[in-house]
Amino acid sequence: MDEMLDRKFVALADPTRRAILARLALGEATVSELQRPFGISQPAISRHLKVLEAAGLVEGGRAAQARPRRLKPEGLDAARAWLDGLRTLWSDSFEALDAFLANSRTEGADTR
């Protein structure tokens, strides 16, 4: 599980791969369709797609000779769950700090 989560975050760390995901969120596309707006070679786009596929964020299909890629939205579920866990941890920590500070203020006022 941790290795796959690492792959997701490595894939998401690259701005080109994030842009590819944003494009695929609009619908499936072939390598040549993905390559055009970036001005990089098709092999470079293919390498980015391999990273995204290994992370479970993109999947390939078959349409005649073309091999369009499409977004796998469920591929982000593990990363989202991990981030939600951190959010909960931080939220709970801040709530505990707020309660402590409120209690400290009340106790400080009582001793004056």
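These entries record what I looked up in a predicted model.

**Entry 1: helix α4.** I began with the length of α4. Its 13 residues, at 1.5 Å a residue, should span 18 Å, and I found the end C-alpha atoms 18 Å apart, which agrees. I then listed the buried residues of α4 as Ala44, Ile45, His48, Leu49 and Leu52. Viewed down the helix axis, the buried residues of α4 lie within an arc of 140 degrees, so they line one face. I noted that an α-helix has 3.6 residues a turn, so residues three or four places apart point the same way. On the face turned away from the buried side of α4, I found the exposed residues Arg47 and Lys50. I recorded α1, α2, α3, β1 (58-60) and β2 (69-71) as the elements against which the buried residues of α4 pack. After α4 comes Gly56, with a positive phi near 75 degrees.

**Entry 2: the core.** I looked up the largest nonpolar core and found 13 residues in it. Ile20, Leu34, Leu49, Leu52, Leu57 and Val58 have the most contacts inside this core. I noted α2 (15-24), α3 (31-35) and α4 (42-54) as the elements that give it two or more residues. For Ile20, neighbours within four places in sequence aside, I listed contacts with Leu34, Phe38, Ile45, His48, Leu49 and Leu52.

**Entry 3: aromatic rings.** I found one aromatic pair in the structure. Phe9 is partly exposed at 30% relative accessibility, and Trp82 is partly exposed at 43%.

How values were computed. Residues are numbered from 1 along each chain as its sequence is written. This is a predicted model: local features need pLDDT of at least 70, side-chain atom pairs count only at pLDDT 80 or more; totals for chains, interfaces and linings use all residues. Side-chain values use heavy atoms; hydrogens and water are left out. A nonpolar core is a set of buried Ala, Val, Leu, Ile, Met, Phe, Trp, Tyr and Cys residues joined through side-chain atoms within 4.5 Å. Buried means under 20% relative accessible area, exposed over 50%, partly exposed in between (1.4 Å probe, protein chains only). Helices (H or I, at least four residues) and strands (E, at least two) are DSSP runs, numbered from the N terminus. Contact means heavy atoms within 4.5 Å. Rings of Phe, Tyr and Trp (its six-membered ring) pair if their centres lie within 6.5 Å; planes under 30 degrees apart count as stacked, over 60 as edge-to-face and the rest as tilted. The expected span of a helix is 1.5 Å times one less than its number of residues. The arc is that of the directions from the helix axis to the C-beta atoms.
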